[in-house]
Amino acid sequence: MRFGDYPAEYNPKVHGPYDPARYYGKPDTPFGQVKLNELGAWFGRRNKSPRAIMGVVSWTYWRWQHKYWQPKRMGMAPIFQALFGAMTFLYVVNYGNIRKHRNFKYH
């Protein structure tokens, strides 16, 4: 499997047109339904390879796209989310400079 190929689990005859927001692997128990004593086994079944992590990031991005950016009548939520993300990123990047400008009371 090379970069940019369809997932190995995807079968066009079974699944129809490819949807990047859908996971085509074997379904597992959702995280919200996992009991505390089963948590270790649940994490053990996860694929922790870089390809799998990028797949999760891609599915999450496309689910967000389908929910917020691509509807016919999009609201203001994705714009505010993008602004908040940009503000948070710039705050973290510039924290070293911001920290130097703190106001101190000298007694």
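Arg 46 lies over the face of Trp 42, 4.1 Å from the ring centre; a charge sits over a ring if NZ of Lys or CZ of Arg is within 6 Å of the ring centre and within 35 degrees of the ring normal. This is a predicted model, in which local features need pLDDT of at least 70 and side-chain atom pairs count only at pLDDT 80 or more, while totals for chains, interfaces and linings use all residues. Residues are numbered from 1 along each chain as its sequence is written, and side-chain values use heavy atoms, with hydrogens and water left out.

The chain has five helices and zero strands, and its elements run α-α-α-α-α from the N terminus on. The radius of gyration, taken over C-alpha atoms with a globule rule of 2.2 Å times the number of residues to the power 0.38, is 21 Å, well over the 13 Å that the rule gives for 107 residues, so the chain is more spread out than a compact globule. Its C-alpha atoms fill a box of roughly 75 × 45 × 30 Å along the principal axes. Helices here are DSSP runs (H or I, at least four residues), strands are runs of E with at least two, and both are numbered from the N terminus.

Buried residues make up 10% of the 107 residues in the chain, where buried means under 20% relative accessible area, exposed over 50% and partly exposed in between (1.4 Å probe, protein chains only).

| Residue | Relative accessible area | Class |
|---|---|---|
| Tyr 6 | 51% | exposed |
| Tyr 10 | 12% | buried |
| Met 87 | 55% | exposed |

Met 87 is found in helix H4 (residues 77–93), and from Arg 45 it is 42 residues away in sequence and 36 Å away in space, C-alpha to C-alpha.

The structure holds 13 aromatic pairs; rings of Phe, Tyr and Trp (its six-membered ring) pair if their centres lie within 6.5 Å, and planes under 30 degrees apart count as stacked, over 60 as edge-to-face and the rest as tilted. One of these pairs joins Tyr 6 and Tyr 10, which are tilted, with 5.0 Å from centre to centre and 55° between the planes. Together with Tyr 18 and Tyr 24, Tyr 6 and Tyr 10 form one aromatic cluster.
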